[in-house]
Amino acid sequence: MKRHRALPFGAECVDGGVRFRLWAPGVDQVELVIDGGTTLAMNRSENGFYELTTDRAKAGTRYRYRVADTLIPDPVSRYQSESVAGPSVVVDAGSFDWQDADWRGRPWHEAVVYELHVGTFSQAGSFDGVIEHFDHLLSLGVNAVELMPVAECPGRWNWGYDGVLLFAVEERYGGPDGLKRLVQAAHARGISVILDVVYNHFGPDGNYLSLYAPDFFTDKHQTPWGAAINFDDTHSEVVRSFFIENALYWLQEYHLDGLRFDAVHAIRDDSRPDIVVELGERIREAIKERPIHLILENDGNRSSVLGYGYQGPGPHTAQWNDDFHHVLRVAITDMRGGYYDDYTKGEGQPQTLVARVLAEGFAYQGEVSEHRDGAKRGEPSASLPPTAFVSFIQNHDQVGNHAYGWRLGKFAKPEAIRAGTAVLLLAPQIPMLWQGQEWNSDQPFPFFCDFSGDLADAVRKGRMEEFKSFPEFQDPEAVKRIPDPLAEATFRSAVLDWSEPARKTDWIKLHRDLLAVRREHVIPRMATSGGGSGTRAVDAQGTIYVHWRFGDGAVLQLVANLSDKAVDGDAGDILGRTVYATADLDNGKLPPWYVALNLLDQEGAVG
């Protein structure tokens, strides 16, 4: 089995050698420079493309382009053996012998997602290192892994969001064949693989596009990174094609099961359909033989583009639901400040908004956000199915964006974390775990990168400026303890210690038990869960009651007392039979941090 996405640009192995094609409308001459001394002039064709087919190159040939007296890598390079500043390497995508021809994917409603960073998930820091821990993930009940970005970034370590060569797989992780081995091994074990991709900006080091293709960017819009990527100005059709091809390349050439699109709210595009919608539509048109899961990160809570495959209106499957994280964090830690304040205003908060995100998806569905200077945020989401939302109580952002990279365990009591975990894993939204969360890891995940010179100094300064307004960092000693994002020790501190799970078996058991309940009682019904299936109530004591009605007539009820005080329970409010509870009732009272899942079906009605 061979898999190859024939790209309209870059280096493609063809009969007679290799075809090279570069979009460089901003220069009058481009040369192909092959390692070993061969330099060949490329022919300019229409729309600013330069092209050349030569028998002097083959798979494994190292090459660069010379533009404006500068040697540059191929922006569509499939492989960089010496990081972003080195030569590109011709890859014959058809040389890998795939063994997963029988893989047909997994339906989305079954997904239990596990987010990980390849460089820190294992001691090896590689794709093969991830494979070594598949047994652990399967034993938990995980059936999908979400990889933080693996496109080539500068330096020895990086979160992955500073990518500049978006078709090249990180050499330090194992390169193209390493990623293919991971996907193949995952499919052999029944695990889906989702990849995080970044289409809102390029990293600050190693991107040469503005040198020879200035129209790749536009001053029509500004972003936190400067001029926006050009999705709606002159020559935007080429730029849009670049990103659409990138998405299809990952899904077809690497047989991935889905993509998570980073921070699409930072993409500026006034055209219709905008690039977010077009990406989804083009992928749906191209791949129909297996389920493809398209997940957005979108602060705008744009419900109209979600719900694909489960009676939703849009081409994308689901969105990371930051509202779920934020309001649960407030509920179990009493967190305040910044965007958390949006989840504390009004009577009955945060419990009322906890109930809303569980029943309807988003907390903000067009309401005013004080944190966003009074702007309205979001669209109505109650009509979407639960599968349109990916829920989490930790992820790389929410851990790593803390000054010290502290995990939830630094802020919440163990019993509160257990309650939050029960809500996460028992509710019918798609749950996502963050690496090490399943054993309540003590290790931090601080922000890290590996730049040099003025850029390194700017990153250090920016990191300190980011936190100086926080009350806890008014103390100079607290500021000094913020890890240096450029230091190797900061990166090393994030590498998981795989001896830790053996010391925290109670946390592992909690996750296994909850996911076993989910497999038995929740997942089988989720395929028939349409929009508007959730209803909610919060009583005067703050007890949360959420119900979901499914196509088979069954009703799931989640009851939660997310407080450190016992509260009176009303047996009349409890439906059916209890299939899971964090504790027994105490003389009719709901204990502190109590969560229960009740099921009303034929058996429950009889019982």
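T528 touches F550, G551 and D552, leaving out residues up to four places away in sequence; touching, or contact, means heavy atoms within 4.5 Å. This is a predicted model, in which local features need pLDDT of at least 70, side-chain atom pairs count only at pLDDT 80 or more, and totals for chains, interfaces and linings use all residues. Residues are numbered from 1 along each chain as its sequence is written, and side-chain values use heavy atoms, with hydrogens and water left out.

**Around T528**

T528 sits in the loop between α15 (505-526) and β24 (534-538). Helices (H or I, at least four residues) and strands (E, at least two) are DSSP runs, numbered from the N terminus. A polar atom of the T528 side chain lies 3.2 Å from the backbone nitrogen of G551. D552 is 24 residues from T528 along the chain, and their C-alpha atoms are separated by 7.3 Å. T528 is partly exposed, because its relative accessible area is 40%; buried means under 20%, exposed over 50%, and partly exposed in between (1.4 Å probe, protein chains only).

**Two buried residues**

H109 belongs to the loop between β9 (88-89) and β10 (113-116). With a relative accessible area of 11%, H109 is buried. Its side chain forms a polar contact of 2.9 Å with the side chain of Y310. A polar contact is a pair of N or O atoms within 3.5 Å; within protein, one must be able to donate a hydrogen and the other to accept it, and residues adjacent in sequence count only if both atoms are side-chain atoms. Apart from neighbours within four places in sequence, H109 is in contact with Y310, T387, I430, I523, M526 and A527.

T54 is in strand β6. Its relative accessibility is 8%, so T54 counts as buried. A polar atom of the T54 side chain is 3.0 Å from the backbone nitrogen of R56. Not counting residues up to four places away in sequence, T54 touches G16, G17, V18, F20, L32 and L40.

**Two helix pairs**

How do the axes of α6 and α7 cross? Helix α6 (residues 236-253) and helix α7 (residues 275-286) have axes that come within 10 Å and cross at roughly 40°. α6 is therefore oblique to α7. Axes are lines fitted to C-alpha atoms, for helices over the stretch in contact, and angles run from 0 to 180 degrees between N-to-C directions. Angles under 35 degrees count as roughly parallel, over 145 as roughly antiparallel, 65 to 115 as roughly perpendicular and the rest as oblique. The crossing of α6 and α7 is right-handed; a crossing is left-handed if the near helix is turned anticlockwise from the far one by less than a right angle, and right-handed if clockwise.

On the α6 side, R240, F243, I244, A247, L248, L251 and Q252 take part, and they meet I275, E278, L279, R282, I283 and A286 of α7. The residues of this contact divide into nine nonpolar, one polar and three charged. Here Ala, Val, Leu, Ile, Met, Phe, Trp, Tyr, Cys and Pro count as nonpolar, Asp, Glu, Lys and Arg as charged, and the others, Gly among them, as polar.

The axes of α8 and α9 come within 9 Å and cross at roughly 150°. That angle makes α8 roughly antiparallel to α9. The crossing of α8 and α9 is left-handed. From α8 the contact takes in D323, F324, V327, L328 and A331, and from α9 L353, V354, V357 and L358. By class, the contact of α8 with α9 has eight nonpolar, no polar and one charged residues.

**Backbone details in loops**

| Peptide bond | Omega |
|---|---|
| R272 to P273, cis | about 0° |
| Q349 to P350, cis | near 5° |

P273 is in the loop between β17 (258-261) and α7. P350 is in the loop between α8 (322-333) and α9 (351-360).

N47 is not a glycine, yet its phi is positive, at about 65°. This residue is in the loop between β5 (43-44) and β6 (49-54). H235, also not a glycine, has a positive phi of about 70°. H235 lies in the loop between β16 (226-229) and α6, and is partly exposed, with a relative accessible area of 25%.

**K413**

K413 is in the loop between α10 (396-400) and α11 (414-426). Its relative accessible area is 42%, so K413 is partly exposed. The C-alpha atoms of K413 and G178 are separated by 40 Å, and the two residues are 235 residues apart along the chain.
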